[in-house]
Amino acid sequence: MVFYALLLKVATLSIGLYHKDMINLILHNPTKIIFGVGVLSQLATEASKIGKHPLVMYGKSSAKTSGLSDKVKSMLSSSGLKVTEFFGVEPNPRDDTCDRAASLGRQAGCDAVIAVGGGSVMDAAKLTSACIVSGKPTWDYVTRVYPVEKALPIIMVPTLAATGSDFNSGAVITNWTMKQKFGAYSPLFFPTVSIIDPVLTTTCNRNVTAWGGVDIMIHVLETYLGTNDAHCPIPDYFSEGIVKTVMKYLPLALADGNDIVARTQLSWASAVALSGMPNGGRPGGFLLHWMEHVMSAHFDIPHGLGLAYLLVPTLSYFKENFPERHYMFTNNLMPDPAGFLESIGCDTTLEKLGIPGSSVPTMVDDLFVQKGKGDEMPGYPSFDKKWAEKIYKGRF
């Protein structure tokens, strides 16, 4: 007993001395994943387990154009489910769109939500699932006026490899009137089931595919680059594996949109990237995402393309303040990030994005009001408004 007490004391002292280089985390992900070519055929079976009358949400037009919405409705109706459809979720989904979807679902008596689309549709479905039950405005949940206490069960059917919203409990919603874009999180936003069929991503055009690939990589590079923790090998290996997968298979999918092997690898990389495991236990924030959310809240740009614009100038900040992590990035992953982005058609400028240089001071101020503490950005040493201005202007 004395030996074990001494051992416990030594371990406790060690944790106290070295806690900054130890992994501490709580990981919980209850989503059931059904993954693979052709698994869309299981949608009706899974939907029947969680409700009788789903609200099925789509984007603006691609599901109609491809015939996917007709196929989904036929599958569900043939299994005896009553279907109410909502079309019109936009990229950078807006709170008033979620409000309209929730109103429709509540009036129709829907008891579940099915999202068929990219990350925007999936994120909108999460907020809609809560608003159908409560009748409260979406933005009140986003801004934490109310906690999410109840929500309808959700099924995700992703049609794009990008956000990973099919395997996590987060959603990002834009208030266009206020020019704000924030994340909303709740355990009730975990999908009950996600049916990830890579075949559905083959209809994505080249640009959308490329932007999605950048989003996947940035999801794991944020904390990979922004930490001084030298002892997080498993998250690092996870992240490097995901980035290498995207770098290998994204060009193949861009060369041939019907390359199902490439589409499959990208779909799995997308789902895993924000599932909690790759970043789990590794400190660091989401600086590029925070900066891009400010950009797209003002100018409604494609999220992945905004991240691509920010990556190279932000790397100069990481090189100066996290030199060991920057060295790992350039030596293990991407020695020429600008060249890679150009090769996939994601090299861009403020002018191409439709963002006037005169708007940079406003974006800098919004960034620090929304994410900073005074003139500092928590977790990012020396990151001040001058750094933010340089990055937004692309000066590095």
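On a 1 Å grid over the protein atoms alone, a cavity is a set of points where a 1.4 Å probe fits but cannot get out. A pocket, by contrast, is an open set with protein on both sides within 12 Å along at least five of seven lines. For either one, lining residues have an atom within 4 Å of a point. Grid points are joined across faces, edges and corners, and a volume is the space filled by probe spheres set on the points.

This is a predicted model, where local features need pLDDT of at least 70, side-chain atom pairs count only at pLDDT 80 or more, and totals for chains, interfaces and linings use all residues. Residues are numbered from 1 along each chain as its sequence is written, and side-chain values use heavy atoms, with hydrogens and water left out.

**The chain as a whole**

Let's start with the overall picture. The protein chain has 17 helices and eight strands, taken as DSSP runs (helices H or I, at least four residues; strands E, at least two) numbered from the N terminus. Along the principal axes, the C-alpha atoms fill a box of roughly 65 × 60 × 45 Å.

Of the 396 residues, 54% count as buried, meaning under 20% relative accessible area with a 1.4 Å probe, protein chains only. The chain exposes about 17,400 Å², and carbon and sulfur atoms supply 57% of that; the areas come from the Shrake-Rupley method with a 1.4 Å probe. Take contacts (heavy atoms within 4.5 Å) between residues at least 6 apart in sequence: 79% of them join residues at least 24 apart.

A search of the whole structure turns up two cavities of 30 Å³ or more. Ala, Val, Leu, Ile, Met, Phe, Trp, Tyr, Cys and Pro count as nonpolar, Asp, Glu, Lys and Arg as charged, and the others, Gly among them, as polar.

| Space | Volume | Lining by class |
|---|---|---|
| Largest cavity | about 50 Å³ | four nonpolar, four polar, one charged |
| Second largest cavity | about 40 Å³ | four nonpolar, three polar, two charged |
| Second largest pocket | about 180 Å³ | eight nonpolar, two polar, one charged |

The largest cavity is lined by L160, A161, T201, T209, G212, G213, I216, R263 and L266. Around the second largest cavity you'll find P158, L160, A161, D166, I196, D197, T201, S267 and S270.

The second largest pocket has 11 lining residues, with A308, Y309, V312, D347 and T348 nearest its centre. Both α12 (303-321) and α14 (337-343) supply at least two residues, and α12 has the largest share, four residues.

**A look at L350**

L350 lies in helix α15 (residues 350-353) and is buried, with a relative accessible area of 12%. Which residues does L350 touch, leaving aside its neighbours within four places in sequence? L350 is in contact with Y309, I355, G357, V360, Y392 and K393. Y309 has come up already, among the residues nearest the centre of the second largest pocket. L350 and G394 are 44 residues apart in sequence, yet 8.2 Å apart in space, C-alpha to C-alpha.

Notes:
Buried means under 20% relative accessible area, exposed over 50%, partly exposed in between (1.4 Å probe, protein chains only).
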